[in-house]
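Dear colleague,

Please find below the structure that I am handing over to you.

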Amino acid sequence: MQLRRAHGLVAVVTGFTLLLATGCGGKAPTAAPSPSASPSPSPSPSPSPSPSPSPSASPTPSKAPTTRPTTEKSYVLQRTSGSAGVALTFDDGPHPTWTPRVLDVLRARGVKATFCLVGTQVQAHPALVRRIVAEGHTLCNHSWNHEFKLGTWSEAKISSNMRATNNAIHAAAPGVPIRYFRHPGGNWTAAAVRVARSLGMSPLHWTVDPQDWRKPAASTITSRVVKGTRAGGVVLLHDAGGDRSQTLAALPGIIGGLRAKYQLIRLPDTF
Ligand SMILES: [Zn+2]
């Protein structure tokens, strides 16, 4: 039932919004499983640090190559937690320096969150995956090697990339549910959304992006999140991809500020 409400709140996104995608500046520059993986260019972040409202439906055709370019012009992303609760999400890990510290803060405050994992990081740090799972957080697939252009690949290669990531996660934590996929950089395409869904993963976007990957001051990160969050929000943060000391320092303030108004939840594994 929650799913129905969640989908009622999601927005239809067109290819045009790809130009506005932000977030996920971090890279995990280790070997990719596919020889076709291209170097990851930096995304073009929005100049506005404030969370953007859900774009409205538009007939603007997508420029992204798909197998059905003449008929498929839009796709639907998950942009809410699915309930009134607010979901903290951490991308690009697990990282041996930052992920344990983030987990410590969450554990000390009794907060459950969602971690969007990169396959190469999972392969390098399987014990951290097990700790994330053991401490009750939700897992999300964030591609094998943070390929910003993953969604432009053939569906077979997209699927291979996503499955390799899930396989690495399951090698670390057998049987753990992986019900979400988040595209690197938010560079969604219809093909990426379709493949994620075919593998049982909801295409998880966000509602609040404090752009912590740009390393603003902790107080700025906290302020952007607390001021920008509404009920049902999904907050984008990073526990890897660079020096995350400011994100870590911002976390207690984020948790305290949000808890004054909302329940902090892990995204559900069943829907
Ligand atoms: Zn990312």
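The notes below set out what was found, beginning with the whole chain and then turning to particular elements.

This is a predicted model, in which local features need pLDDT of at least 70 and side-chain atom pairs count only at pLDDT 80 or more, while totals for chains, interfaces and linings use all residues. Residues are numbered from 1 along each chain as its sequence is written.

The protein has 8 helices and 9 strands; these are DSSP runs numbered from the N terminus, helices being H or I of at least four residues and strands E of at least two. Of its 271 residues, 52% are buried. A residue counts as buried if 20 or more other C-beta atoms, placed from the backbone, lie within 10 Å of its own, as exposed if 12 or fewer do, and as partly exposed in between.

Helix α4 (residues 126–134) has Leu128, Val129 and Ile132 buried. These residues lie on the same side of α4 because they cover an arc of only 105 degrees around the axis, the arc being that of the directions from the helix axis to the C-beta atoms. The exposed residues Ala127 and Ala134 are on the face turned away from that buried side. Among the elements covering the buried residues of α4 are α2 (98–108), β4 (114–117) and α5 (155–172). Leaving out residues up to four places away in sequence, Val129 touches Pro94, Leu117, Val122, Ile169, Ala172 and Ala173; a contact requires C-beta atoms, placed from the backbone, within 7 Å.

One of these partners, Pro94, is joined to Gly93 by a cis peptide bond with omega of about 5 degrees. Pro94 lies in the loop between β3 (86–91) and α2.

Ser143 is in the loop between β5 and α5 and is buried, with 31 other C-beta atoms within 10 Å. Gln211 is in the loop between β7 (202–203) and α7 and is also buried, with 20 other C-beta atoms within 10 Å.

Finally, in the pairing of α7 with α8, Ala218, Ile221, Thr222, Val225 and Val226 of α7 meet residues of α8 that include Ala249, Ala250 and Ile254. That contact has 8 nonpolar, 5 polar and no charged residues; Ala, Val, Leu, Ile, Met, Phe, Trp, Tyr, Cys and Pro count as nonpolar, Asp, Glu, Lys and Arg as charged, and the others, Gly among them, as polar.

With kind regards

Note on methods. Two residues are in contact if their C-beta atoms, placed from the backbone, lie within 7 Å.
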